[in-house]
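Student: Please take one part of this model and look at it closely. Start with the strands, then work down to a single side chain.

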Amino acid sequence: NDGLLLLNHGTLGTAASVAYAPDSLDLSSGQDRDVILTLAGQGSSGAAIGSDANGSVIYAGTGDLTLVSDSLTATAGQPNPDFRVTGDLVISRRSSGFDVPYSLDDFITRFTFNQTAGITGLNGVSSLTIIGGTADVDLDATGLVIPGSIRASGDVVTVSELVTTGGGAIELTGSSQVNVNADLVSAGGAITLTAQGGVDDGVTLANGVTIDSSGTDAAASSNANGGAGGLVTINGGAGGVLFNTATVDARGGVGDGTGSSGSTGNLVVTASAGGDIDQSNTSSSLRVNSASFSTLEGDIAIVGNNTLTALSARSTASVADDRGNVIFRNANTGDLSFNGVLQGRTVVVQHSGNLTQTSGSITAQNLQLVVSDTTSDVTLTGSNAIDNLAASITGSGGLSISSSSVTVGTAGINESTTTGVTVENGAVTLSGLSTLQINAP
């Protein structure tokens, strides 16, 4: 019951060994064996986890199974090794990385899992972890539904087919890139995508994919209050983050209609030196509560069909270039609050609905505000440093801004600029703690 470590330089089967054969190989017996199977790989044609003509059974039952080898291949023409495990499954390289790029679809065609009534292959395990090292890893198996978490790491990590968990976390880490070409769905679990490569790498979400941690699975929906949405974290490194037309949905589940909707998850997006955060396609959609964006010496463009209530965005850049701009255009109406740092060389905020600053600060060489349909004052009275201000406020509300110093002039990016301060109905209150200069009406 305490586990098994098998060191083997050949194939599995009666000619080598059967790794733990209890009295019953029926998973319904509930036996628990933690099994660690390590094989010395010697290149793609060398030793590997395979099978001879007798086949093999590796039994962990409700325990955990760890497979460690650089060459995860099965012997051609022989019965597939049968792994019987409903606990956690870890598939790991033995040295620096797998000998060839790792394909989950290829793996499950070479190895058999849980050939027992009522359990469907790899979906019978509790959680799945793939550690590819320097090799690429592709989650390309169709119909993959894991009750717990899914974690995968490698050089380039790609999602080619739908990946679903029953509420467990999804964590994908690429030492170069993470490419999401199919949907990721976690019923209320956190989703984390991390790329650690250079300026040509980063995290890329393909057109039309959905990152969904909204907690709307059947179990959550049976709750009158719905399931809570999970945190979505995307770190693109120096390569930044490209949304294309993707959707990120972290809203809480709607429940069964007898109670309020579930709580809504948040979105955190970061990039390192030179990395852009690019949601410049208006067909992309962010459906979250609070969204935070941060990059160093990169641009931030958030202009999709977004539904969010709180925003913070920070971009820092040297004075020697024209980078470090922040553009936020919200296609949906509603209240929006700044709840953290809003910082950039030029900051553009175009929003339909009420706009407030609940905490944090605004630091911008240029700040352009275009706010429509507001029913209350646009109030930005934090510890702000706004060098140049231009604003257009339509609706019944006014404008109130405080800053260490403020100059009314022209602000915006390219041809989309605003000159002066125009308020349709309400009062204008500008407070420059050190200086206040009016260079435009």
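Tutor: Strand 31 pairs with strand 33 (residues 385-395) in the parallel sense, over nine bridges. Strands here are DSSP runs of E, at least two residues long, and helices are runs of H or I, at least four residues long; both are numbered from the N terminus. Two strands pair if DSSP finds at least two bridges between them. A word on the basis: the model is predicted, local features need pLDDT of at least 70, side-chain atom pairs count only at pLDDT 80 or more, and totals for chains, interfaces and linings use all residues. Residues are numbered from 1 along each chain as its sequence is written, and side-chain values use heavy atoms, with hydrogens and water left out.

Strand 31 also pairs with strand 29 (residues 336-352), again in the parallel sense, over ten bridges. Leu 369 shows both pairings. Its bridge partner in strand 33 is Ala 391. Val 349 stands opposite Leu 369 too.

Now the side chain. Ser 372 lies in strand 31, which spans residues 362-374. In a regular strand the side chains alternate between the two faces of the sheet. Ser 372 counts as partly exposed because its relative accessibility is 24%. Buried means under 20% relative accessible area, exposed means over 50%, and partly exposed lies in between (1.4 Å probe, protein chains only).

What does Ser 372 touch, leaving out residues up to four places away in sequence? The list is His 351, Ser 352, Gly 353 and Thr 394. Contact here means heavy atoms within 4.5 Å.

Take Ser 352 from that list. Ser 352 and Ser 372 are 20 residues apart along the chain, yet their C-alpha atoms are separated by 4.6 Å. Their side chains make a polar contact at 3.5 Å. A polar contact is a pair of N or O atoms within 3.5 Å; within protein, one must be able to donate a hydrogen and the other to accept it, and residues adjacent in sequence count only if both atoms are side-chain atoms.

Strand 4 (residues 65-68) and strand 6 (residues 88-92) run parallel, joined by four bridges. Leu 67 has Ile 91 as its bridge partner in strand 6. Strand 6 pairs in turn with strand 9 (residues 127-131), in the parallel sense over five bridges. There, Val 90 stands opposite Thr 129.

Finally, the whole. The protein has two helices and 38 strands. Of its 441 residues, 51% are buried.
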